[in-house]
Amino acid sequence: MKLAYYPGCSLKGTSFEYETSLLKILEALNIEVQEIPDWNCCGASAAHSLNHNLSVALPARNLAIAENNGFEEVLAPCAACSSRLKTAKHEMGSDDILKKRISDSLEMPYKNSLNISNMLEFLLNIAGKEKIKSLVKKPLSSLKVASYYGCLLVRPPKVMKFDDPDKPVSMDELVALTGAVPVDYSYKTECCGAINSLSKPDVVMALTGKILYDIKEHGADLVVVACPLCHSNLDVRQREIERKYAERIGLPVLFITELLGLAFGFSPEELAIGGHMVNADKILQKLSN
Amino acid sequence: MEKMNDKLQNTAKELLESKEVNLIIGFAKGSNPLRMRSVFITDPKDAYKISFNAHCVQDLAVFLKKPEVKKFGKIGIVVKGCDEKAVNTLIQEYQLSRDNIKIIGVECRGAIKQNLADRGEDSVKQSTVYDKCLACEVHTPLLYDYLVESDEPAFEITGDVKPYAKIEELDAMSVEDRNMFWQKEFEKCIKCYACRQACPLCYCTRCIVEKNTPQWIETNIEETGNAQWNMIRAYHLSGRCIGCGECERACPVNIPLMLVNEKMARDVFEKFGYKSGLDINAKPVFGTFDANDFNEFIK
Amino acid sequence: MENNRVEEDDKNAQNDKGNLSGSGSAKEKEPRIIAFVCNWCTYNGADLAGTSRMKYAENVRVIKLPCTGRIDPLFVVEAFKKGAKGVLVSGCHPGDCHYTSGNYHSRRKYTAFRDLLSYFGVDTNRVEFSWISASEGNKWVSVINDFTNKIKSLPDSSDIFSKQ
Amino acid sequence: MKTVINEQERRNFASEVESKLHDKLAKCYQCGKCSAGCPVNFEMDYTPNQIIKMTELGMADRVLNSKTIWLCVSCNTCSTRCPKGFEVAGIMDVLREVAAKRGIESKTEKEVQTFHEVFLDNVKSNGRIFELELVGKYKLKTKHLFRDMFLAPKMIEKGKLKMHSDKVSNINQIAKIFKDFE
Amino acid sequence: MARIGVFVCWCGSNIAGTVDVKRVAEEAAKIPGVVEAVDYKYMCSDPGQNTLRKMIKDKNLTGVVLAACSPHMHENTFRKAAVKEGLNPYFIEIANIREQVSWVHEDKEKATAKAIDLLKMMVEKVKRNKPIEDVRVPLTKKALVVGGGISGIQAALDIANGGVEVILVEKEPSIGGKMIQLDETFPTLDCSSCIMTPKMVEVYQHPNIKLYTYSELEDVSGYIGNFNVKIKKKARSIVEKDCTGCGDCWNACPMHKNVKSEFNVNLSERTAIYVPFPQAVPLIPVIDRSVCLHYKKGGKCQKCYDACGPKCIDFDLQDEIIEEKVGAIVAATGYDLMENSLYGEYGYGQFKDVISGLQFERLLSASGPTEGVVKRPSDGKTPETIVFIQCVGSRDPEKGVPYCSKVCCMYTAKHAKLFAHKVHGSQSYVFYIDIRATSKGYEEFVRSTMENDGAIYLRGRVSKIYEDNGKLIVKGADTLSGNQVEIAADMVVLATGVIPKKGSDKIAQMLGISYDKYGFYTESHPKLRPAESSTAGIYLAGMAQGPRDIPESVVSGSAAASKILGLFSKSEYEVEGTIASVNKTTCVGCFYCKRVCAYSAISKEEVKDRNGNVLKVVANVNSGLCAGCGACVNACFSKSIDLKGYLDEQIFAEIKSLAV
Amino acid sequence: MEEKYYEISSDNIEKFINNLVEQNNEVIAPKDKDSDTFYDKITNFKDADLNILLPKLSFKEYLLPKTETLFEYSISGSSINILDSLENAGAARIINNGSGGSDNSGKKGGKKIIFGSRPCDAGAGPIMEKVFNWDYKDEFFNEKFKNLYIISIACVQPDNYCFCTEAQLSPESSYGSDILLKKGGSGYYAKVTTEKGLELINSSSENSSLFKEISKEAFPADKDWKAAFDIKKTQGFLDKNFTSNYFQEKFLSCIGCGICTYTCPTCHCFDIQDEGTNEKGRRIRNWDSCQFGIFTLHTSGHNPRVTQGDRYRQRLMHKFKIYNEKFNKYLCVGCGRCSRNCPEDIDLKEITSELSLMENSGEV
């Protein structure tokens, strides 16, 4: 099976750590992926907020290119991107006219045949638990890890078709594979404010704060995420939140791929963990003890 | 990979040798190189006779309704995807038990129209295959015990293909013009009932036309009797016809019967979301109902 | 062969004693409408129209059946063959079938059958379907009157089944 | 508040929204589960279920000028939990689109609207997001020049903000998509 | 050769005023087969009927057509008269020339022409009539009730009190159903078990009732009046006749903390040998073999046996199949509650203090795990704030069911009320979408919960429940004020929706009755025959038909009982002879007829040759079940099935007689 | 009658046919229709397609209509009127396969002329005539046969399914034709074997002038057509092997559609039916086929020909044994239509030849 890789804009920019760590663990898993040639932005929230058809057409271009290059499966590690790609596939699946319009506009035939996976889906379904488990060299048993799913990995269920939207378990399963202890808490799927990060920072901080403090309260050492946007809100804004609510948080926020990378025995540098705003030294220290 | 005919012959041979079936119905060479015909094999030694190519136009499922064939008990049958739907429908309608049939599905790449083959046509192309092949969704049969993959590539479809395009043309006509069209067609009918006999789903032991108290269908071979026969045939196949096209192929006077069958299949799908022959466990569309069925035409 | 049986009608015909023109077939210019109705609802509705002394067109001839589920679409064809200009099929409203589901089954069949008639070039204006309950005498009257007027407004049909 | 319902306007607006939404407004039975779970409800002027009802009643002005439609972050909590399977998040998209088409500028949530616009412009010209340009243009447009500025140095230090753009090479095709679907 | 007599009735001037009756009779006389046609002033009068009878006798008629009023008026009158002269009643046909001719038309010429047509149609029809005998079915005067909940119990008692033998089959070890699990009942707050237990005992002691508990229906065949029923009596491991119900055995059982009690909805534990609850009827324990150490560990443990005085424990007892013959059946299989765990957002199963309404019912009950003191399952503390959520699963087509479960509004109000009564100073919040309180005293009950007992009602749904510092944070909406609200609660009670009892579809298939897409049994007619199933001889009661409360369940049990007593009051069951029959020579066995039959009246029949080999399988009409609708005739492609009294041949003849 | 021979140019044959049309005759010829060819009325020589081997159906329906009214009745008052249909028999109701409308006109007084048929089709007429005049004289048939004039054209190249030579005719046989044309010379040579043929040629002075009489010797001799097998052997096999398994096995593939009989020029079974109401009606005869299960179904439910093997054997027996025993002629002209049209590719030539070989080798 030919696996396509759709990085999306964030992984090439603010969330370069995600891509770095992801490529590392794929290498370890011996899975080869190829970047979709000349991919474009999926349009994220802006497109569907302003122009429905465009919000389908933009991701569709990537899908069409992948399909015409003989790919059968697409990995979209960014939760927002995978959501947009899946939505586009869903919409075109139920709207033949739109599909034809898009295919005409792209001047490319399009069958809508690709399967799209987000990072968690990819790891669980394509890489497989067994294989992941076999690669764990340094079990992270000293760590208590909170999985934060956010919105777009599991919602809406009829489009995502993955995990339980209100009681998701997939990331916790992956955490457990690394030997770390998954932490249960209430706000696993609460929204962090997402795209309004820049435009409504106050709202975002209120939402993100609630999540972070809840995680803190449940005694986690760190948070793992599978979404650049969630990461950005939880990590980049953490200092600001601490200042606003005058209470320290100090929770490192790692991508799930980084956590797996650590368990696989990669060094923090190889995984670009130093790229985060919240310093992770404390937990790295805990690990090396 | 094993060649198609080898695999077919080996499968047939093994089935007969292991006594899993008592009879294999398949295709074999016919009266000329561009005609194939059915063959009935009971001896594993004869399995070599079985072959498959684009001239295998017949729907062998038609034989499953014959009492002489039923007598064999367990039967293996070679079917194309379209014909296999007939097997499904026969099972669905209790004419056949799933346990008594071994389905040897062949991946079909399209069948060449017989009238063209009779004039020497030997290549599978968009222009030489039956309309049903242009819209085929079952190149691989839906249900099978053994699948024999095709050696051939799929033929290429170019341009805007509209199978049975005449239907849309007829739909667009005035009711009077449609009346003229069909009257002209049905006047040709000689009431040989080949359409009925060739149909795998016309399995009644006594057809309604053979009932005379009351005389449902006029016996004459004139406008009225012919129209009634064609009406009843279409009506009884509504929601059941699986589109194998055998009726039309058999018709010695070239009545475009598939235009009727296909139209009814489309209407049934549009109104009830039902397609025939897909699922042996589905309730037939006219054996069930929904309280929210189409109601617009009723005052 | 079964078909060799001569139908009783025809034997009777030869024993006939008198003139039947009294039924008006010769004089009648009015279009004939045959109505196949359910015994439990529409037939009672028609009776109610009678007990209420409502007036309606004389064109309709009612054939009473136990349920719309019994009304074979081929009866409609037979009616046209025998010169009916219009055919009405009428039964119980959805959900009200005396036999739970006869009208639902019938509705399905007629949905397809109507399409078929129309496809074969029969003007479906000539086949009417209605749900008329036992209490809807007035609906019976308006359905009959409207249908009669509609039939009168249609040109003489030359469709497949109207040929003699 | 009193609203006089103009039947023609009501129908026009409701059916415009319904046709874009591919769903019926009447499906909503106003249980409020969407509003109950909405993470940003506390900032909204109307709850999501009110927006649905007001749309059904044709109160276009109020709906299209509401804060709610711009505050919605499309987290889909509402759509996921809706007992009637109504596309609550979807209607927000539709209303934003209608508002944008009608040229309505949000008075209160201009930033959100602007952000989306700037974002799409960025996609249109590069095919991908050039984050530095995106942020810069957004700040210029909204004149929030100094908000979040303290984050920038550290982000640059960490390598999070790239200094050059990585364009799609077949940019004409992107332009064509925008043209065909605008 | 047909000999038909025709009578044209004047009905005074009712017909004769508009229709030229003389001419109708003259024309009738010319129809082939008509031997005589007369007109008469009042056919329905005694002299009229005598004229009819005289002509049948004198002219040796084989059929009669009356042109008169609607057949719905006097068809029976004339049929009875004909029978007295030895003519089969179905050889009488009526042309309706009053309601459908003389009263609705004014033009005498046209009305007369129409009357002649109608008459001709009937003559042609009657010529082709075949003698039809009404079907008489013998009745086994014994009834079977499936399900020992309140509706089943009510049905069984009413039938038994009517002097008819009843067999009551219950799947669980005790009868009582869901009602016995309830605490108090709305709106009167009388104690459920106080009103239920006497009825249960009455069942047990009734001389006309044979009770099979811990038993299941295995197979049903036959038809009205003549059902053959197989009942599987599951092995209790107790010799019932010797058991005194003393309780020594279950007190001796070592498994006392290991098994969740079904009766207390997992809020307490039971032993492996147990009675579900102290008032169980019969008060005979049962060994749960899936957990009993004796069965699991190779027969070592027999503490119960040792403790048992009369030594009535027999570990080797086997399931028993009992065959019974009954004449009528009541299906009262009851209901289940929806899986709460469907709602991840409510955390049922995750948060111990999120419980179902039935669990709360057990917490309120004096016989419950807390002896009627409301305590949290998590820590045993008394909750001060409870949030009740209605419509969990009901009215939710996405995750649950679209229908309203009908009882939740009322039991939630009851819960809030009882909670207020039991815990002073407590507070309830109720999230609702609509309040449905439509029976006697219901609305007042709900209002009093709000006004007198202080429950706060919020109109909106809950989206999510979080746990925070030992509190349950309930995040909901109040759509009336337009606000999102959060309530910190000690406990949350979910009013989960009602669904048909698991396995009730299998029972329905066994009985050959129909059910809707949710699994609720469908009535023969939703308004006029609500106690009957579509299959003759099988009646319905209780929640198996759909959501309903206790009074309605009791009424439906009594209704089913009265139908059965009515049926059994005759010596034989009579079915009109106008039923379908199959031409087995031409039937090809596609069974479309079976598919469309709403009465399960069509079965498969094997046609065999002399050596017993099956030649083919054909349709067979069970005359006891056939209602004569004719849907099967329409479904038959080869026209191998026909409806007596409305033969295809007759209908064609009617149409043909109108040929122009 | 003494045979006469003529020569006629291509132009003149066209004139001749067009003259016949103008002389109030109904001329029927092979005509294109639905990408096939059927016998149909032509109004001009150019309508005829003379290049094809054989039209899809034979012209049997002009002798034995698909449905033929025998009499009609109507009842008026106390009198019953019976209308004998025989007087119309010559122009009985015929629905032409090509003309697309019922044609009751049947030009009173005109002739029906088949033009361009092949010797096999032409040969069917006299073969059928025997059975319709064996004991009962079927006037309906005879009227039409008398009024049917047949101008056939000899075949040059038979196809795989043809076996007229084996069926004791030949591609150049004049049996059954009133005029047989052979291509050659300036157009055609004509052989006239009947008075009816002469009648056509002499139907007007212009017509007779178109034909140039030649000597018998000048008329091109027939080729030496060789039979591939001996049909007598086929008959021999059938004589002895009524119960042979051959029939049961061979015709497992027969679906009983009856196309072979309906398209056969010599199959002539019919079924008599009544249609009507109390007021009026008619008695008709319709085409029927021995290949149908109910053809021999008794009222008791018993059927002497249970399997399709039994039925096809009957067809073979009738054609190659029974008929020959009675009339010393085979009930088959070897046109091959049954094989060409069979949807299951059952080939009569193959079968007759197989049977003949089996008779040779003594195989059963």
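## A tour of cores, an interface and salt bridges

Begin by selecting K66(B) and E68(B), both of which are buried (buried meaning under 20% relative accessible area, exposed over 50% and partly exposed in between, with a 1.4 Å probe and protein chains only). Their side chains meet in a salt bridge, 3.9 Å from N to O, the term standing for a side-chain nitrogen of Lys or Arg within 4 Å of a carboxyl oxygen of Asp or Glu. This is a predicted model, in which local features need pLDDT of at least 70 and side-chain atom pairs count only at pLDDT 80 or more, while totals for chains, interfaces and linings use all residues. Residues are numbered from 1 along each chain as its sequence is written, chains are lettered from A and ligands numbered from 1 in the order in which they are written, and side-chain values use heavy atoms, leaving out hydrogens and water.

Staying in chain B, select K162(B) and E168(B), whose closest N and O atoms are 3.3 Å apart in a salt bridge; K162(B) is partly exposed at 47% relative accessible area, and E168(B) is partly exposed at 36%.

D490(E) lies in the loop between β26 (483-489) and β27 (491-496) and K471(E) in strand β25 (residues 471-478), so the pair ties together parts of chain E that are 19 residues apart in sequence (strands being DSSP runs of E, at least two residues, and helices runs of H or I, at least four, numbered from the N terminus). D490(E) is buried, with a relative accessible area of 8%, whereas K471(E) is partly exposed, at 30%.

Now display chains E and A together, where the area buried between them is about 900 Å², with carbon and sulfur atoms giving 32%; buried area is the accessible area (1.4 Å probe) that two parts lose on being put together, summed over both. In chain E, Q350(E), K464(E) and Y466(E) lose the most area to chain A, together 43% of what that side buries. Two salt bridges cross this interface; select D166(A) and K399(E), which form a salt bridge with the closest N and O atoms 3.9 Å apart.

Finish with the largest nonpolar core, which has 263 residues, and in which I25(B), L64(B) and W182(B) are among those touching the most other members. Such a core is a set of buried Ala, Val, Leu, Ile, Met, Phe, Trp, Tyr and Cys residues joined through side-chain atoms within 4.5 Å.
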